[in-house]
Amino acid sequence: MRSHITARLVSAALIVAAVPAIAAGTAEATQAPVAFTSVALPTYQTNGVAWAVASAQGKTFVGGTFSAVRPPGSAAGTNQTTRTNFVVLDSATGTPTSCAPAFLLPTNPTQASVRALDVSPDGQTLYIGGSFSSAGGSAKQYLAAMTIATCTIVSGFTPLPSGVVRAITSTSSVVYYGGDFSLVGGLTRKYAAAATAVGQTGAGARLAWAPTFDKPVLALNLRPDLSQVVVGGRFDTVNGAASHALAVVDPSTGGTVKAFGTFVGSTSVVKSIAVDATGFYTGHEGTGSGSFDGRIAVNWSSLGQRWRDYCQGATQAVVVYRSVLYVGSHAHDCSMMGGFPDGSRNHLLAESLDKPTFLSWFPQTNDGIAEMIGPRAMVVASSGGSDYMYVVGEFTTVNTVAQQGITRFGQGTDTAAPTTPLISVSSPGSGQARVAWRTSLDTDDSTLTYRVYRDAGATPIYTTTATSWFWNRQQQVFTDTGQANGSVHSYKVSASDGTNVRTSAATSVTVGNGGSGYANRVLADGATMYLRYDEPGNTFIADASANRNNVTLVGTAVFRAAPAISGSSRALTLTGTTTQLYGETRFGAMSTYSLETWFKTTSTVGGKLIGLGNKQNFGSYTYDKMIYMGNGGKLNFGVHPSGTNVVVSSPSAYNNGAWHHVVATQSSAGMALYVDGVKVASNTTTTNQSYNGYWHVGGDTVTGTWPDRPTSSYFQGSLDETAAYPSALSASTVAAHYGLR
């Protein structure tokens, strides 16, 4: 969330084009309304950072800080073709054309770059801004124009801003531009100015349009009817009025149409603006704790907010296409808008225009080089009746494959296949085989069709559809009834996006004559998550309750340990110092609950057995409602109300290598800790920290001043029959569970 250079803005003429939506479910498409697959097409790449992109006439223009391009698949420094801070690609093939003007800054070559590109409404002229004093061999000061058809720099277009140009948008008669400058040809222009467009008399002439900003402008765009100019940047005022980072001004006079005050937030700037017929969409970058990094939708009718999302991880680019907002950012926490929790960065996203909800498009880049932001700019390019989403930036990989600076995504056949389902098969009752599977992940189809097959049958015995996201892959369940007790059956599950199919390996089960008495009691007592660890071994651990609150294993574990409960098949042994299980379901605040598990260990470094953490993978910074073991083997049950750690602890140690049963409860009666069926500690604390989180089993953060804090946050030992409840189990119920061993 540092400050960064602006990205290319999409022209209004492009983004409001009326194009029919792709129908859902066709073999040639991704999940509507997403129009692009998540699989990258072969495209030339740069040897540096690409800051800006635009497209016209079947060509895609990329500007940045680089000296050469190379073919896809070529290692850095090989097969290079010289291109100095600017390259023109064939939009349909991603290969460079012969057009190759160089953009140079001889007085400081390392600072030379192209930072902003804009195509005129007629598609004939490209306006180019940045940090340069020479364009195609002609003297040009920070701003130039190029005739696209002939690849020639327009000689008479010389507005002469005094500093770097970072944003451009144009009409047929006027070119609006913004950046770091305070003068244009000796005239005062505070960070924004306008020039006569190419093709008009006096092209390049400085116009009187001169809204005054107190800090640099980073983004510009026009209302489709050309009646308003939307301006974004670092500024705090427009024409003397408070309007931090965002303003709307008159296209003729520069007068203020809308000053937004602190609408954006004092620590955030606007990096990009997209428009359509209904409103405009802003991408933000913030600094410091609590800053705003997400997107805002503003209606033209009122210039008031339609929605805003609260993703953390600075937004660099926004593009509207076919009723979808495509986003380039490094979003790492979208939990406040119901999306993924704080964790790894996700660089390319798609959202609805009506409300801030994610759509099924999750291609991925890395952070890359320079400021390590990933994508910097995006544009839709058209060629031969096909459209492509071009993305440029600092990245050096796309979907884990080496690709630097430029990538693109096409339409047509969906080649992004779902992951293979992971399944767990059990027999919970007489004549029953229960097939559970973790929903698959498809980066451009969130809703998939699943089919269950028995034995060698080619016809599915069950078909269903389910929606999942990479941060929420709740299990699906089918119970096959009427099977003979003692019979052995194998099951497999396929996942399909309508084009691609992935099928699990077959898993066998012996149909029994009833479930475990212990398991039946846990389910009868209302467990909302119940992990039995009876899988033959994979990263999917099924929830035996009806609530589908499965978990995912990270690290090394053994599934064949002798179980804690007679009649069970397996327990789980966590063998690695980085092994843990995280939940696929986010839980909200809870004042009453119970946690239960069996465990066996000889560890002298402690670790967390179970707890609620705000992050899905290891490393939660908000966490409590947890049971952890200290180095000496004592058990601790901790919560964190009002910024204070409150813990009840067992007086005895339990790291003697035997199976033990632990239950922790909290309710209006306070906190209680039970071991082997007996209450060993309690207090009257009824509150805990309120947040949304995920259950973690076998590991997560235990830091700071927690009493008896273990050396390791990871539990090393065996676990079995782990459960969570929305109620406080009574002492008699806890004793009954222990007695059923």
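I count Ala, Val, Leu, Ile, Met, Phe, Trp, Tyr, Cys and Pro as nonpolar, Asp, Glu, Lys and Arg as charged, and the others, Gly among them, as polar.

**Ground rules.** I am working with a predicted model, where local features need pLDDT of at least 70 and side-chain atom pairs count only at pLDDT 80 or more, while totals for chains, interfaces and linings use all residues. Residues are numbered from 1 along each chain as its sequence is written, and side-chain values use heavy atoms, with hydrogens and water left out.

**Entry 1: the largest pocket.** I looked for pockets on a 1 Å grid over the protein atoms alone; a pocket is an open set of points where a 1.4 Å probe fits, with protein on both sides within 12 Å along at least five of seven lines, and lining residues have an atom within 4 Å of a point. A volume is the space filled by probe spheres set on the points, which are joined across faces, edges and corners. The largest pocket comes to about 650 Å³. Of its 30 lining residues, I noted Ser-426, Ser-427, Pro-428, Arg-532 and Asp-534 as the closest to the centre. Strands 37 (422-426), 38 (433-438) and 44 (507-510) and helix 2 (517-524) each give two or more residues to this lining. Strand 44 gives the most, with four residues. (Helices, H or I of at least four residues, and strands, E of at least two, are DSSP runs numbered from the N terminus.) By type, the lining splits into eleven nonpolar, 14 polar and five charged residues.

**Entry 2: the second largest pocket.** This one has a volume of about 420 Å³. I found 18 residues in its lining, with Ser-344, Phe-470, Tyr-582, Gln-616 and Asn-617 nearest the centre. Its lining holds seven nonpolar, seven polar and four charged residues.

Entry 3: I traced an open, antiparallel sheet in the order 25-26-27-28; two strands pair if DSSP finds at least two bridges between them. Strand 25 (268-275) and strand 28 (305-308) are the edges, each with a single partner strand, so one side of each has no neighbour in the sheet. Direction ignored, neighbouring strands here are turned by 25° against each other on average. Inside the sheet, strand 26 (279-286) and strand 27 (295-299) pair over five bridges, and Tyr-281 has Ala-297 of strand 27 as its bridge partner.

**Entry 4: Pro-651.** Beyond its neighbours within four places in sequence, Pro-651 touches Lys-634 and Val-680, contact being heavy atoms within 4.5 Å.

Key: Axes fitted to C-alpha atoms, helices over the stretch in contact; angles between N-to-C directions.
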